[in-house]
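Trainee: I am new to this structure. Please take me through one part of it closely.

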Amino acid sequence: MVIAVSALVLIIGVSIYFDRDGNGGGNGDVNDGPWSDLDELKRSLGEIPAFQYSEVRSTDELDSINDPGNAVYMLIGIERELNSSNYISIKNFIMDGGFVIIADDGTNANRLGDLPLGEGEERIDFIGKPYLVDKTLSEPTDDRGYLYNKYFIKSYSTIGGRNYEMIVHRPNGLNASIDLINSTSANHLLTTSKLLTVIDMNENEVQDMDTDKYTPHGPIAIEYRIGSNNGGIVYISSTGLFTDNVFHLKNNEAWFRAYLTQFLPTGGKVLLDTSKQMSSMSPHNENIPA
């Protein structure tokens with residue numbers, strides 16, 4: 001009886017520990033992560049001498065950054081919801097001048113969606129449903145993307161006056177406002193290449209203009225400058241920009257290096273947080289057909 005009661009108490013205690021913040025104490029000891037197909041991204045960051053690249057396993061480590069204005073924090077791959085502690089650490093880091101890159105394939109990062117409200121912007125949310133773009137002129141006729149696979153979407157971005165053509169695998173929709181003319185803190189950083197872009201709300205892989213949400217040149221990444229210390233955040237609606245099957249395509253790697261460099265022109269800390277990755281591989285392991 002004593003053994004049985006002790007075992008029950010232990011089980012309850014462990015359950016409370018792993019449920020209290022939604023991420024197993026921030027260390028992910030009970031899951032299969034981190035993702036193995038971010039190797040090219042990690043290699044690329046490690047090759048830049050000016051970047052002090054390191055991996056972290058909790059947002060708590062942001063609380064000890066002495067100079068947030070000289071650091072970029074990346075949370076790429078979010079398979080657990082962000083909790084209140086995560087939110088507070090990330091927000092404080094931004095308000096102290098740090099920059100945050102959030103890449104989510106679903107809706108688990110939506111707790112951070114109210115950060116632009118302080119700048120008079122609308123709340124932003126990850127919708128978690130895929131973009132569909134109109135048909136290209138190439139064969140086969142149902143190709144909506146790149147090299148005969150409609151899930152690899154051509155995308156464009158401009159950094160420092162230079163244009164970058166990129167490939168994003170299975171980007172999802174963001175609820176951002178189309179009109180940013182009057183915005184002083186938001187930037188449609190990365191978009192699809194097609195004017196006719198919809199969010200496939202019923203996920204039937206067909207553009208249904210009556211039910212799908214029309215988002216011209218659908219925004220894949222939207223950047224906001226937040227606070228008085230030049231901090232900021234970029235919401236990216238797909239991790240299929242960073243995985244090994246696309247990171248080497250077009251200008252993906254060059255774009256990401258240029259993007260980081262503008263925040264760390266003389267070098268600084270680049271932190272990759274893998275604590276929210278539960279799987280051993282991302283959902284972006286589909287290859288472009290030869």
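Where is leucine 196 found?

Mentor: Leucine 196 is found in the loop between strand S8 (186-192) and S9. Strands (E, at least two residues) are DSSP runs, numbered from the N terminus. First, the ground rules. Residues are numbered from 1 along each chain as its sequence is written. This is a predicted model, where local features need pLDDT of at least 70 and side-chain atom pairs count only at pLDDT 80 or more, while totals for chains, interfaces and linings use all residues; side-chain values use heavy atoms, with hydrogens and water left out.

Leucine 196 counts as partly exposed because its relative accessibility is 30%. Partly exposed lies between buried (under 20% relative accessible area) and exposed (over 50%), with a 1.4 Å probe and protein chains only.

Now strand S9. Strand S9 (residues 197-199) runs antiparallel to strand S4 (residues 126-133), and 3 bridges join them. Two strands pair if DSSP finds at least two bridges between them. Tyrosine 131 stands opposite isoleucine 199 in S9.

Step back to the sheet. It is open, with 4 strands in the order S7-S4-S9-S10 and antiparallel pairing. Strand S7 (172-174) and strand S10 (213-214) stand at the edges, each with a single partner strand, so one side of each has no neighbour in the sheet. Strands of a sheet pair through backbone hydrogen bonds, either parallel or antiparallel.
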